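Reader: I'd like a close look at one part of this model, please. Take me through it slowly.

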Amino acid sequence: MALIFLFWFLMSAINIALIASTFYQLLCLLDLESDDINPFEASSRINFWVEPEFLLQGLFCILLLVTGHWIMFLLGVPLVCYHVNLYMKRKHLIDVTEVFRNLKVEKKFRLAKLGFYVIFFALVIAKYVPH
């Protein structure tokens, strides 16, 4: 029983980290849009958190797979595949020279990921709380 509690606590901690990372990236894009920071600073701040976010999302799915939570694993696989696709095409980092051209798309993408992570957080909390 204690291991189950520890597992879901770890999953909720990973999920909170994913939410915080995505929210921070979204805030940087909003600051860039309102001209509070320059494109180089925004790009470097966002790019610093992209790969750790990808790794945490991969770890999240691997832990779900290893522990046999198939439905939650299958819900998380599309985002992991998308992250792998972005990484393999080398399009996972924001380019300083094209940040304004892709600003709306990047904001929508991060907002969708934030919603995805919040839904996953609700699912994790639902599994975490004993019935």
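Is Glu41 buried, exposed or partly exposed, and what is its relative accessible area? And could you then walk me through the salt bridges and the helix around it?

Author: Happy to, and keep in mind that this is a predicted model. Glu41 is partly exposed, with a relative accessible area of 28%. Its side chain meets that of Arg45 in a salt bridge, at 2.5 Å from N to O. Both residues sit in helix α2, 4 residues apart, or about one turn of the helix. Arg45 is partly exposed too, at 31% relative accessible area.

Further along, Glu53 and Lys113 pair up in a salt bridge at 2.7 Å, N to O. This one ties together distant parts of the chain: Glu53 belongs to helix α2 and Lys113 to helix α4, 60 residues apart. Here both partners are buried.

Arg110 counts as buried, because its relative accessibility is 2%. The structure holds 4 salt bridges in total.

Now back to α2 and its neighbour α3: their axes come within 9 Å and cross at roughly 150°, so the two helices are roughly antiparallel. The crossing is left-handed. Glu53 turns up again here, among the α2 residues making the contact, along with Phe54 and Leu64, while α3 brings residues including Trp70, Phe73 and Tyr87.

Key: Residues are numbered from 1 along each chain as its sequence is written. This is a predicted model: local features need pLDDT of at least 70, side-chain atom pairs count only at pLDDT 80 or more; totals for chains, interfaces and linings use all residues. Side-chain values use heavy atoms; hydrogens and water are left out. Axes are lines fitted to C-alpha atoms, for helices over the stretch in contact, and angles run from 0 to 180 degrees between N-to-C directions. Angles under 35 degrees count as roughly parallel, over 145 as roughly antiparallel, 65 to 115 as roughly perpendicular and the rest as oblique. A crossing is left-handed if the near helix is turned anticlockwise from the far one by less than a right angle, and right-handed if clockwise. Contact means heavy atoms within 4.5 Å. Buried means under 20% relative accessible area, exposed over 50%, partly exposed in between (1.4 Å probe, protein chains only).
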